[in-house]
Amino acid sequence: MSLTILDNIIAHKRQEVAERKALVPTAALERSLYFNSQPVSLRKYVQRPDLTGIIAEYKRKSPSKGTINAYAPVERTSIGYMQAGASALSVLTDANFFGGKNEDLTTARKFNFCPILRKDFVVEEYQILEAKSIGADAILLIAAVLSKEEVSTLAQFAHSLGLEVLLEVHDREELERTLTPHVDLVGVNNRNLHDFTVSLQTSIELAGYIPNEFVKVSESGLSEAQSILELQQHGFEGFLIGETFMRQSRPEKACAAFVEELKKLRQQQNVLSA
Ligand SMILES: O=C(O)c1ccccc1NCC(=O)[C@H](O)[C@H](O)COP(=O)(O)O
């Protein structure tokens, strides 16, 4: 199979983690203020009926889109996302490809009592300790770059620290090859990493293969409130949205407008089915 951007990201990440390990020993991570704090459950918040299921993402740039928003402050954006009705936050902490940093997540943590997903490219236990030390509640494991044994070991390690795990898949092969009972949520990424196109059909086609005990999350390319309703009909409860909000100068206002539209559509749907 041909290489994708993920191969580049992972090669860079392994080097970065090796450098960080040499600089910051695990004992230092364990002394963090957040290390003994009680995590907030992403799974439960995504399923809360009074919220929207939206996991609102903070990302400055991406390999597919280049710079998206270099100026929106984390503090105002993250607070605004939660006030708008998002269920949780996702913060990209990768610097090289996404323009993020660990401090972005810690800033979001200081100002919000909600689950925060550390969106990064985990290949080692050290990164999970780091996630805990910066205030995350959940981590992402990407099936495309991990074996089933790695998913299982890393997920159990995350659980030992009280963190939940979102397993991300792009297709049925990845799902069937890596799914273990140790993950909490399964995310279907709608972005094709070979050509960066996005299609909600990816989520819809995979939905039936994800066992019901896992919370289903649809990720990437969600730009219309109507799509949320469609995905809900296929059993999705979580909706990871980044660019649609971050592309605007005030991402939190874009999130609020999206939530208003979603509420309006849900009301119309309820009237029609009454
Ligand atoms: O966004 C990219 O270009 C990308 C490329 C390679 C690996 C991961 C990538 N994105 C991470 C994500 O999964 C998205 O940030 C997330 O699902 C939100 O997507 P969107 O709403 O389309 O910004």
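Modeller: Helix α10 (residues 225-233) packs against helix α12 (residues 251-273) at an angle of about 50°, and their axes lie 8 Å apart. Helices here are DSSP runs of H or I with at least four residues, strands are E runs of at least two, and both are numbered from the N terminus. The axes are lines fitted to C-alpha atoms, for helices over the stretch in contact, with angles from 0 to 180 degrees between N-to-C directions. That angle makes α10 oblique to α12, since under 35 degrees counts as roughly parallel, over 145 as roughly antiparallel, 65 to 115 as roughly perpendicular and the rest as oblique. The crossing of the two is right-handed, meaning the near helix is turned clockwise from the far one by less than a right angle.

So who's touching whom? From α10 come Ala225, Gln226, Ile228 and Leu229, and from α12 come Phe258, Glu261, Leu262, Leu265 and Gln269. Contact here means C-beta atoms, placed from the backbone, within 7 Å. By class, the contact of α10 with α12 has 6 nonpolar, 2 polar and 1 charged residue. Nonpolar covers Ala, Val, Leu, Ile, Met, Phe, Trp, Tyr, Cys and Pro, charged covers Asp, Glu, Lys and Arg, and the others, Gly among them, are polar.

Two things to keep in mind. Residues are numbered from 1 along each chain as its sequence is written. This is a predicted model, where local features need pLDDT of at least 70, side-chain atom pairs count only at pLDDT 80 or more, and totals for chains, interfaces and linings use all residues.

Methods. Two residues are in contact if their C-beta atoms, placed from the backbone, lie within 7 Å.
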